[in-house]
Amino acid sequence: MNSYWQPDIETAAPDTLRAMQLQALRRTLAQAAQSPYYGELFRRLNFSPEQIRTRDDLRRLPFTTKDDLRGHFPYGFLAVPKAETIRLHCSSGTTGNPTVIFHNRHDLDSWANLVARSMYCAGARPDDVFQNICGYGLFTGGLGFQYGAERLGALTIPAGAGNSRRQIKLMQEFGTTVIHAIPSYLPRLREVFTELGLAPAKDTRLRVILSGAEPYTEETRRRLEAMFAPAKVFNSFGLTEMNGPGVAFECDCQNGLHVWEDAYLTEIVNPDTLEPVPDGELGELVFTSLDRQAMPILRYRTRDLTRFLTGPCPCGRTHRRLDRITGRSDDMFIIKGCNVFPMQIEQVLMRIPQAASDYLIVLETLGDNDELILQVEAHPEWFNGDFSKLEHVRQRIVREIHDEVLVTPIVQLVEPGSLPRAEGKAKRVDDRRRNGKTDF
Ligand code: ADP
Ligand code: ZN
């Protein structure tokens, strides 16, 4: 039996799946009790893993937060002897100090299986040629996809990030059919195809693009698919605290991300009350790892906002689906009394063909007022050096952003390619306000 397509697990009846989860949860709690952090917590709460009769009993335990992980850096959550661990990864540190996660051999094996399963789920096959266009090293996207793709049996090209010309050359030389890259890099890669007088459709064999690690909208996906047609783009979700990629993934129905329920127990809670929200309602994702030994984490608050989608998926997989992640609760900023998520702005911009894919939201105090300044690169196909020809586009952006977020932005169209490109994940908001984020 292969590990990338296990119908007995992936299409298990919901009751069977719940029973599997409960068993795995008990194992995980017993394992977690071996760590200094959870050992102490369980003692303090007079909690023992045998008290768990249903999955809901887990709610007797408090959440684990990023601050808890940081506060017990580096070994406070370690549940096996240090000598048993064989690798560590750190989160990218997008929102502050990084956290560290340790793995033993079992953990890495299980993670590779999950990534192989995810890739297969999105349509990758053992005879594919897979090029991993992302940073290797502490970032989990590099080694995570590397070992997952090897487990699948694909020929892997550990290309690493950047150097778009070389990426394209590799794609041509080895007939790459599947790539993995973060969404904000893909438009750049496409630009370089054009610079070289090439097009993905005629000059490559690309058919599947796996993309995630940062939020992007459905409009952006459609745009990326138009850029790389006939290749399809599949959403990949994960976080270092839960291994990295391979937590939830889109199947070829492209209708939300199946979260692998045999490996993760998923809750979605109201971020204010911390009570579970009904299916279909937006809330914060909370994960409990179910198959990790070196560093099990219980009820981890991701700060990522999404909802459970309801109804069966035509692909036959029974693991529940998550809607596209809207962003993290701390991505939200408040300007002129309105709550705004960067993805609301991206959603508007990606409908406007004259706007390229790069934009930057600058929050700045001008005089006595805080303003939302939106810098948008003009699309090279629509720009001839004269911004006055695009004035109607600028005005359209002002209008549509106002309709979406109820704040009138100052919109500045800028030259194609002129906004700073991040090395890794894109930085969409630059808060230069005098009072910082707390301003009302
Ligand atoms: P950091 O938390 O420092 O960015 P990670 O590399 O572990 O480090 O990033 C995990 C986070 O990336 C997730 O919690 C989520 O906010 C974001 N993320 C990952 N995949 C996606 C995706 N497909 N859509 C939206 N956000 C994503
Ligand atoms: Zn499906």
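Helix H5 spans residues 105–121 and counts 17 residues. From first C-alpha to last, H5 reaches 24 Å, close to the 24 Å expected at 1.5 Å a residue. The model is predicted. H5 is mostly covered, with 13 of its 17 residues buried. At its start, a side-chain oxygen of Asn104 comes to within 3.1 Å of the backbone nitrogen of His106. Gly123 follows H5 and has a positive phi, near 110°.

## Nonpolar cores

The largest nonpolar core has 66 residues. Those with the most contacts inside this core are Leu29, Tyr38, Phe42, Met119, Leu210, Phe237 and Phe287. H5 gives the most to the core, with 8 residues. A second core is separate and has 28 residues, including Ile335, Ala355, Ile401 and Val411.

## The zinc site

The zinc ion (ligand 2) is coordinated by Cys251 (SG), His258 (NE2), Cys313 (SG) and Cys315 (SG). The distances run from 2.1 to 2.3 Å. What is the arrangement of the 4 donor atoms around the zinc ion (ligand 2)? It is tetrahedral, because the donor atoms subtend angles of 105 to 115°. The ideal angle for four tetrahedral donors is 109.5 degrees.

Along the chain, the donors of the zinc ion (ligand 2) follow the spacing C-x6-H-x54-C-x1-C. Cys251 lies in the loop between strand E8 (244–250) and strand E9 (257–259), and Cys313 in the loop between strand E13 (308–309) and strand E14 (321–322), so the pair ties together parts that are 62 residues apart in sequence.

Cys251 is buried, with a relative accessible area of 0%. Cys313 is buried too, at 8%. His258 counts as buried at 0% relative accessibility.

His258 sits in strand E9. Its side chain reaches the backbone oxygen of His319 at 2.8 Å.

## Sheets and strand pairs

An open sheet of 9 strands runs in the order E4-E3-E5-E6-E7-E8-E9-E14-E13. The pairing is mixed. Strand E4 (155–157) and E13 are the edge strands, each pairing on one side only. The strand that holds His258, E9, is a member of this sheet.

Within the sheet, strand E5 (residues 178–180) and E6 run parallel. They are joined by 3 bridges. Val178 has Val208 of E6 as its bridge partner.

Strand E12 (residues 300–306) pairs with two strands, E11 and E15. E12 is mostly covered: 5 of its 7 residues are buried.

| Strand pair | Direction | Bridges | A facing pair |
|---|---|---|---|
| E5 and E6 | parallel | 3 bridges | Val178 and Val208 |
| E12 and E15 (residues 327–328) | antiparallel | 2 bridges | Asp304 and Arg328 |

In a regular strand the side chains alternate between the two faces of the sheet.

## Backbone exceptions

The bond from Phe73 to Pro74 is cis, with omega near -5°. Pro74 is in the loop between helix H4 (66–71) and strand E1 (85–90). A cis bond also joins Ala229 and Pro230, with omega about 5°. Pro230 is found in the loop between helix H10 (218–228) and strand E7 (232–239).

Asn46 has a phi of about 55°. Where is Asn46 found? It is in the loop between helix H3 (36–45) and H4. Is Asn46 buried or exposed? Asn46 is exposed, because its relative accessible area is 65% and the cut-off for exposed is over 50%.

Ala213 has a positive phi near 80°. The residue is in the loop between strand E6 (208–212) and H10. At 28% relative accessibility, Ala213 counts as partly exposed.

Technical notes:
Residues numbered from 1 in each chain as written. Chains lettered and ligands numbered in written order. Predicted model: local features only at pLDDT ≥ 70, side-chain atom pairs only at ≥ 80, totals over all residues. Heavy atoms only, no water. Helix = DSSP H or I, 4+ residues; strand = E, 2+ residues; numbered from the N terminus. Buried < 20%, exposed > 50% of the residue type's maximum accessible area, 1.4 Å probe, protein only. Expected span 1.5 Å × (residues − 1). Polar contact = N/O pair within 3.5 Å; in protein donor to acceptor, adjacent residues only side chain to side chain. Donors = N, O, S within 2.8 Å, 3.2 Å for Na, K, Ca; no water. Tetrahedral: all angles 85-135°; square planar, octahedral: opposite > 155°, others 65-115°. Core = buried A, V, L, I, M, F, W, Y, C linked by side-chain atoms within 4.5 Å. Pairing = 2+ DSSP bridges.
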